[in-house]
Amino acid sequence: MHRLAEVAHSRATFTETRTIAALAQPVRSSGRLAYRRPDRMEQITVWPRQEVLQVAGDRLTLTEDQGAPQTLDLAEHPAIAGLVEAILGTLAGDLAGLRRAYRVRIAGTPAAWRLTLLPREPALAALLRQVTIDGAGASLRRVHSIQANGDESVMHIAPAGSPAG
């Protein structure tokens, strides 16, 4: 966590596979990620369709294709805020913040670590069963989330310039 806390900004690429019970086939996507200390994150999906998700402080903005941006105040949506905290808190190396929202288990070595997050609050647990984040040094490599309904998402992350997955 100390290594992560030292990172001022980072860029990466991602590939994501979502398994949704209502769909016959997994949904795949890919794009770019950016983080800037202390609370800014951007996920730009470029395939199969353009989508930009931005977090700045307590605001989340989603823009799909060329549509109008939709903005949420995370303070008014604690379950979504909890999901954002899992990623931003990890990127920031904020173990105390993660522990407020999650029961935290840390395993591995600095070169290959795993962070398992189990929601504390019932509102978040109603949406999310578990988040497992694998990393190497000060970089996230894989984020696996399991929703309360059993749907799953696995995001493979690679430093910018490297293929993800």
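Please keep in mind that the model is predicted. The chain holds 4 helices and 11 strands, and its largest pocket has a volume of about 1,300 Å³.

**Overall build**

- The chain has a radius of gyration of 15 Å, which agrees with the value near 15 Å for a compact globule because that is what the rule gives for 165 residues.
- Taken along the principal axes, a box of roughly 40 × 40 × 30 Å is filled by the C-alpha atoms of the chain.
- Of the 165 residues in the chain, 39% are buried.

**The largest pocket**

- Here is some background for this topic and the next: rolling a probe the size of a water molecule over the atoms shows where empty space is left.
- The space in the largest pocket comes to about 1,300 Å³. Its lining is made of 46 residues, and those closest to the centre are Glu16, Arg18, Gln43, Leu53 and Met155.
- Strand S10, which covers residues 139-147, gives the largest share of this lining, with 7 residues.
- Sorted by class, the lining of the largest pocket contains 30 nonpolar residues, along with 9 polar and 7 charged ones.

**The second largest pocket**

- The volume of the second largest pocket is about 300 Å³.
- A set of 17 residues lines the second largest pocket, and nearest its centre lie Gly57, Ala81, Val84, Glu85 and Leu88.
- Helix H2 (78-91) and helix H3 (95-101) each bring at least two residues to this lining. The largest share, 6 residues, comes from H2.
- By class, the lining of the second largest pocket splits into 8 nonpolar, 4 polar and 5 charged residues.

**Helix H2 up close**

- H2 is 14 residues in length and spans 19 Å from its first C-alpha to its last, close to the 20 Å expected at 1.5 Å a residue.
- A kink of about 30° in H2 is centred on Glu85, and Glu85 is also one of the residues nearest the centre of the second largest pocket.
- The buried residues of H2 are Ala79, Gly82, Val84, Ala86, Leu88, Gly89, Thr90 and Leu91.
- Just after H2 comes Gly93, with a positive phi of about 70°.

**Backbone details in the loops**

- Pro38 sits in the loop between strand S2 (27-36) and strand S3 (40-47).
- Pro48 belongs to the loop between S3 and strand S4 (51-56).
- Asp65 is a residue other than glycine with a positive phi, near 45°. You can find Asp65 in the loop between strand S5 (59-64) and strand S6 (70-73).
- Is Asp65 buried, partly exposed or exposed? Asp65 counts as partly exposed because its relative accessibility is 39%, and the partly exposed class lies between under 20% for buried and over 50% for exposed.

How values were computed: Residues numbered from 1 in each chain as written. Predicted model: local features only at pLDDT ≥ 70, side-chain atom pairs only at ≥ 80, totals over all residues. Heavy atoms only, no water. 1 Å grid on protein atoms, 1.4 Å probe; cavity = no way out; pocket = protein on both sides within 12 Å on 5 of 7 lines; lining within 4 Å. Points joined across faces, edges and corners; volume = space filled by probe spheres on them. Nonpolar A, V, L, I, M, F, W, Y, C, P; charged D, E, K, R; others polar. Expected span 1.5 Å × (residues − 1). Bend = angle between axes of the 7 residues up to and from the residue. Buried < 20%, exposed > 50% of the residue type's maximum accessible area, 1.4 Å probe, protein only. Rg over C-alpha atoms; globule rule 2.2 N^0.38 Å.
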